Amino acid sequence: MTIAILDDYFDTLRTLDCFSKLAGHDVTIWTDHVQDTEILARRLANTEVLVLIRERTKIQAPLLERLPNLELISQRSVYPHIDVEACTRLGIIVSSSQHPGSPSYATAELTWGLILSAMRQIPRQMAALKAGKWQTGVGTTLREKTLGIYGFGRIGRAVAAYGLAFGMKVIVWGREASLAAARAERYETAPSKEAFFEQCDVISLHMRLVPGTRGIVTAADLARMKPTALLVNTSRASLIEPGALAEALHAGRPGLAAVDVYEEEPVSDGKYPLLTMENVVCTPHIGYVTRDEYEIQFTEIFDQIIAYERGTPINVVNPGVLHSRPRSAGAITPADAL
């Protein structure tokens, strides 16, 4: 099969052990980021299988309609960047493992790195030292402070455990399923959303972006935070009401933020509002970007390709396509349709 991989910025995938799963296939790897439909249509004209690295490139109908050979899109996790309806109409299978029960320790570790960086002013202190200055402020100790986990899923649970290891009091808020799971593990839950934002010294967001969670953190929520508090987001920027975080930081509640995700990615403008603030630590969506995490993720992504090649696709998010596949040359048996 002819396979194309987009957005492998550092040409990392071919160095992974799991890349051997694609042996014998015609694989092209693109290391730059392109969103232009015309360019992508030319690059992918002969592609039968498209591999995506998370949500780096939007795959929408105007592009899909120009890819007559495309049969499968293989990726991992959520897929708001893919026009699934158009894929179904065009006979393109979308396989995307939702990795139930499998924490992303890489993201949890980065979350904790951001917490430490912001509370101890590590980037600012480093910049001052490089500029010939010795100490530029006073940080905050985490022990005995209150860590708020908004969304007690795979990653939120791991971050909560790290909080306990640092001697923090951990409080959980979220939908009823999150609250029930937290109580089952003997974590304290907040009596209300208002109390959660008022009480916590650090709040870390750990929810999937779905229609029900878009903008779930409002300007009013942020205004309730302490002026010494830190808001951390390694999940999705759109969990927060558009523009609300920058405005809240200017207003002084919360006093600090640490973010790995943005409303539009990639961010290439150094004047992006959050990047210009001294009270914000920013990283370029690297929560999942470790070699270990890549091995886990791309083992699943490449296994999806192998399953499709065998005629038994797995993790199919558009099972309706299996019943009428105008492009398919062979019979398809849904081994594991979602």
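What is the handedness of the crossing of α4 and α6? I looked this up in a predicted model, and the crossing of these two helices is right-handed.

**Entry: the helix pair.** I noted that α4 covers residues 105–119 and α6 covers residues 154–165. Their axes come within 9 Å and cross at roughly 45°.

I then listed the residues that make the contact. On α4 they are Tyr-105, Thr-107, Ala-108, Glu-109, Thr-111 and Trp-112. On α6 they are Ile-155, Ala-158, Val-159, Tyr-162 and Gly-163. Sorted by class, this contact has seven nonpolar, three polar and one charged residues.

**Entry: the second largest pocket.** I found 35 residues in its lining, and nearest its centre lie Arg-154, Ile-155, His-206, Met-207 and Arg-208. Two or more lining residues come from each of α6, α7 (176–184) and α11 (291–309). Which element gives the most to this lining? I found that α6 does, with four residues. By class, I recorded 10 nonpolar, 16 polar and nine charged residues in the lining.

**Entry: the largest pocket.** I noted a volume of about 860 Å³ for the largest pocket. Its lining has 35 residues, and the closest to the centre are Glu-55, Arg-56, Glu-265, Pro-266 and His-285. I sorted this lining as 14 nonpolar, nine polar and 12 charged residues.

Key: Residues are numbered from 1 along each chain as its sequence is written. This is a predicted model: local features need pLDDT of at least 70, side-chain atom pairs count only at pLDDT 80 or more; totals for chains, interfaces and linings use all residues. Side-chain values use heavy atoms; hydrogens and water are left out. Axes are lines fitted to C-alpha atoms, for helices over the stretch in contact, and angles run from 0 to 180 degrees between N-to-C directions. A crossing is left-handed if the near helix is turned anticlockwise from the far one by less than a right angle, and right-handed if clockwise. Contact means heavy atoms within 4.5 Å. Ala, Val, Leu, Ile, Met, Phe, Trp, Tyr, Cys and Pro count as nonpolar, Asp, Glu, Lys and Arg as charged, and the others, Gly among them, as polar. On a 1 Å grid over the protein atoms alone, a cavity is a set of points where a 1.4 Å probe fits but cannot get out, and a pocket is an open set with protein on both sides within 12 Å along at least five of seven lines; lining residues have an atom within 4 Å of a point. Grid points are joined across faces, edges and corners, and a volume is the space filled by probe spheres set on the points.
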